[in-house]
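Work through the exercises below with the sequence and the model at hand. Each task is followed by a solution in steps.

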Amino acid sequence: MNENERELLDGLRALDAKEPREPSARVERFLLAQFRARARRRRLTRWGSAAAGIAAAAAIAVAVWVAPRTLRHSPSTISHGAPRELPKSGLPDVALPTSPQPRASNAIVQADEVAASFYPTPDADALPPLETAMVVRVQLPMSSLRWMGLPIAEDLSGDPVQADVLLGQDGLARGVRLVPSSLRREP
Amino acid sequence: MLDSPSHSDGDLLRLAFAGNEQAFLAFYRRHQGSVFRFALQMSGKVEIAEEVTQDVFMVVMGAPKQYDPKRGSVAAFLYGIARNHVLRCLDRERPYLTVLDAPENDYSNRMAADQDLVGELARTERVESLRKAVLALPPAYREVVVLCDLHELDYAEAAAVMGCAIGTVRSRLHRARALLMEKMRAAERCAV
């Protein structure tokens, strides 16, 4: 480095020393406010994800606990009139095999309940073909079965009845199956 | 305390990403000065320098994981972001920026205030003409002077910031110094 360059560097150092060293406090305040806003948003997002996860897990747990069954049982009729055939396109290929299958969940679900078949819902024909299915057990007033086209006597219409609802991949009901044990009346 | 040098930049960034406000603040306070000075020396305007400082730390806040220690120091990472923002600001302001006739609100006015001794004035004038000479350099030469001579980065670090080869840094620095000396001689001749 020659004398001129050394002089130039001294001048540059003097220049650097004379300049303001830091931005105003406004910049720090702004950044801090932004940081807090981001942290708040991140906390909310995390909480939302956790809540959604818990809700999904709870829904799955309820579905599994209430009716953890796929459709592997033979069709049969129940005493309330003759069941209609489900449209071929309305059920998955794996559904309704010809012979009853032993189930691990027999402790929870009785054999006679499993033996019942599904009645198609009135609009099942209009829905897209079933690809995956889920069965959810619900309790209904007997009168609501009239919607299915079942002849329900007036004196029974207020009684509760348990039914399995067959839900498709879109969450829409394709069929309903009554749980026979819930139909027995005390003498 | 997170302000202590025992906490590495990587630690502070990791803590800041986890939402630790003190870590972010410590990181900001550690590096804001160099980012601000770089932007000021490149642009010559306090407003631009503050805007760039703000933008650089907003980028860090938004994506602290962008920093990869294998690719260089945190300082080089920050200078790199600052450089992009400064060049964008200079492009935006080019039609309005007259480097040799600095505007009234320029920080040079603040620098010159209260310096009424004759000797000091002469030295100040010389520094001031050097500042103007630096600002009058084309950006590619200006940034190499700012990084290597004012911020004392080594050639490898400056090359990482500028995204070019070390040889390019060396040759640009040589050329930039020659241009500065030429400008300073011309300024002295005018003064005489």
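**Exercise 1: a loop residue**

B:Glu152 sits in the loop that links α7 (139-150) and α8 (155-162) of chain B. Helices (H or I, at least four residues) and strands (E, at least two) are DSSP runs, numbered from the N terminus. The model is predicted: local features need pLDDT of at least 70, side-chain atom pairs count only at pLDDT 80 or more, and totals for chains, interfaces and linings use all residues. Residues are numbered from 1 along each chain as its sequence is written, while chains are lettered from A and ligands numbered from 1 in the order in which they are written.

Solution. 
- Step 1. A residue is buried if 20 or more other C-beta atoms lie within 10 Å of its own, exposed if 12 or fewer, and partly exposed in between, with C-beta atoms placed from the backbone.
- Step 2. B:Glu152 counts as exposed because it has 11 C-beta neighbours inside 10 Å.
- Step 3. Phi of B:Glu152 is near 55°, a positive value. Most residues other than glycine have a negative phi.

**Exercise 2: a helix residue**

Task: Which residues does B:Val74 contact, leaving aside its neighbours within four places in sequence?

Solution. 
- Step 1. B:Val74 belongs to helix α4 (residues 74-93) of chain B.
- Step 2. Two residues are in contact if their C-beta atoms, placed from the backbone, lie within 7 Å.
- Step 3. With those neighbours within four places left aside, the partners of B:Val74 are B:Asp9, B:His31 and B:Tyr67.
- Step 4. B:Val74 has 18 C-beta neighbours inside 10 Å and therefore counts as partly exposed.

**Exercise 3: the sheet of chain A**

Task: What is the strand order of the open sheet in chain A, and which strands are at the edges?

Solution. 
- Step 1. Two strands pair if DSSP finds at least two bridges between them.
- Step 2. The 4 strands have the order β1-β4-β3-β2 (chain A), with antiparallel pairing.
- Step 3. β1 (119-120) and β2 (134-141) of chain A are the edge strands, each pairing on one side only.
- Step 4. β1(A) pairs with β4 (residues 173-178) of chain A over 2 bridges, and A:Tyr119 stands opposite A:Val176 in β4(A).

**Exercise 4: the contact between the chains**

Task: How many residues does each chain bring to the contact, and which helix of chain B gives the most?

Solution. 
- Step 1. Chain B brings 30 residues and chain A brings 27 residues.
- Step 2. α2(B) gives the most to the side of chain B that touches chain A, with 10 residues.
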